[in-house]
Amino acid sequence: MPSLIALALVLAACGAAPRAPAGRGAGSGSPGAALAEQRQDNAEAARAVAALQRRYGAGGYRATRSWQSANALDATIDYMRASGAPDFLADLNQTFRAHHGRDNFLNGYYDDEGWWALTWINAYDLTRNAAYLSQAKDIFADMTGGWDGTCGGGIWWSKARHYKNAIANELFLQVAVALHERTRGDTVYANWAQREWAWFQGSGMITGSHLVIDGLAACKPDRSSPTWTYNQGVLIGGLVALARMTGSRAPLATAQRIADAVMDSKALSPHGILHDPCEPSSCDEDQPLFKGIFMKNLKLLADQADGSGRGAGVSYRQYLRHNAVAVWSNDRRGDEFGLSWAGPFDSSSTARQTSALDILNTQVSPGQAHGSLGG
């Protein structure tokens, strides 16, 4: 994903003392202990988001890969939505104004565009600024140009049209459903979502073990391609939304099978801590971001499962908690985070920091951070 885009993010740093790992999450069962732990969870996420913003330089722009910028901003929005702290609203608007007029949210990669579409939908949900939703719709319109009859359908990974893969199509599904849910009287986005899922189901990219491979080779599933964690996560998020849109439990059941397969995998979850195939020594500059994307989508599944009254969300929440504790306890140097969540810390990067913020965000509670977004 080689395209570059500048992302304006500025923060006045906030501090919180680090927490010793001993006994974390056990609690005493008292309301006071639970409240103290909630405050500490929020303080940890606040430190992580502060360090992420510093990577962009105070008061200015710094270039990074397009999809990393989108996910960094998206994780920052998630923090604001979860905590109620409005710290970065000005930065959000500044980023939009700096690039909207030049179509800098479009490039040669449909997956990059999908990340930006999701980010602006998230920004709309936070602010109710209709311009953000309109931007997401414009991006999706461009993404539809990637659909053709090769391999029976689906969108290409890039506009060079040489590879059809999981991530671009998973994002296409998730964006389509999200736009449907935010467009009164819509049928167009809903039709795209159902068309995408019908194609994806038949593509062979979901294996018999309920894990998602990376893509197709000559229109057949490339069984040699890795099972990246973000391919599992984005499909989970799309299926959770599709189940909500259609009223059918079938997509949710598929999402649960994928999540369970990841959690049960000795390769992807050694000792219950999420792990990508490239770890610890062969990851490129993008792959450290994958695990956080899985976790933010697993949180969507946990929330949906909780709402179903079936109790399925408990194991997902325990898994989220276990990983959040591991990141903070084992993979941190000050307020920066490394590649392998089981540790040890190796080095910092935008992707590593964003991924850690994603998992820490899953533990944030409203009202435990300074400030309020109001109504």
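**Figure 1. Surroundings of K291 in the predicted model.** In this predicted model, K291 touches T229, L274, H275, D276, E279, L339, W341 and S355, when residues up to four places away in sequence are not counted. K291 is part of helix α10, and with a relative accessibility of 1% this lysine counts as buried. One of the residues that K291 touches is S355, which is itself a buried residue of helix α12. L274 and W341, also among the residues touched by K291, are touched by M295 as well.

**Figure 2. M295 and the largest nonpolar core.** The largest nonpolar core comprises 106 residues, and those that touch the most other members are W115, W120, M295, L298 and L301. The element that gives the most to this core is α6, with 11 residues. For M295, leaving out residues up to four places away in sequence, the residues touched are L274, Y319, L320, N323, W341, I359 and T362. I359, one of these residues, is buried within α12.

**Figure 3. Helix α12, enclosed along its length.** Helix α12 runs over residues 350-361, and its 12 residues reach 16 Å from the first C-alpha to the last, close to the 16 Å expected at 1.5 Å a residue. Because 12 of the 12 residues of α12 are buried, this helix is largely enclosed by the rest of the structure.

**Figure 4. Helix α6 and the setting of F200.** Helix α6 covers residues 166-181, and the 23 Å between its end C-alpha atoms agrees with the 22 Å that its 16 residues should span at 1.5 Å a residue. Most of α6 is covered, with 15 of its 16 residues buried. F200, which is found in helix α7 (residues 188-203), is buried at a relative accessible area of 1%. Beyond its neighbours within four places in sequence, F200 is in contact with A166, N169, E170, M205, I206, V212 and L235. The C-alpha atoms of F200 and G153 are 8.8 Å apart in space, although these residues are separated by 47 residues in sequence.

**Figure 5. A salt bridge between R54 and D335.** The closest N and O atoms of R54 and D335 are 2.7 Å apart, and the two residues form a salt bridge. This pair links distant parts of the chain, with R54 in helix α1 (residues 31-54) and D335 in the loop between β5 (332-333) and β6 (336-337), 281 residues apart. E336 is buried, its relative accessible area being 18%.

Figure 6. D303 and K299 form a salt bridge in which the closest N and O atoms are 3.1 Å apart. Both residues lie in helix α10 (residues 290-308), four residues apart, or about one turn of the helix. An α-helix has 3.6 residues a turn, so residues three or four places apart point the same way. D303, at 33% relative accessibility, counts as partly exposed, and K299 also counts as partly exposed, at 22%. Elsewhere, salt bridges link R81, D125, E181, R182 and R244 in a network, and the structure holds 21 salt bridges.

**Figure 7. The largest pocket and its lining.** The volume of the largest pocket is about 860 Å³. Its lining is made up of 31 residues, of which D78, R81, N122, K296 and L300 are the closest to its centre. Helix α10 supplies the largest share, seven residues. R81, one of the residues closest to the pocket centre, also belongs to the salt-bridge network with D125, E181, R182 and R244.

Note on methods. Residues numbered from 1 in each chain as written. Predicted model: local features only at pLDDT ≥ 70, side-chain atom pairs only at ≥ 80, totals over all residues. Heavy atoms only, no water. Helix = DSSP H or I, 4+ residues; strand = E, 2+ residues; numbered from the N terminus. Expected span 1.5 Å × (residues − 1). Buried < 20%, exposed > 50% of the residue type's maximum accessible area, 1.4 Å probe, protein only. Contact = heavy atoms within 4.5 Å. Salt bridge = Lys/Arg side-chain N within 4 Å of Asp/Glu carboxyl O. Core = buried A, V, L, I, M, F, W, Y, C linked by side-chain atoms within 4.5 Å. 1 Å grid on protein atoms, 1.4 Å probe; cavity = no way out; pocket = protein on both sides within 12 Å on 5 of 7 lines; lining within 4 Å. Points joined across faces, edges and corners; volume = space filled by probe spheres on them.
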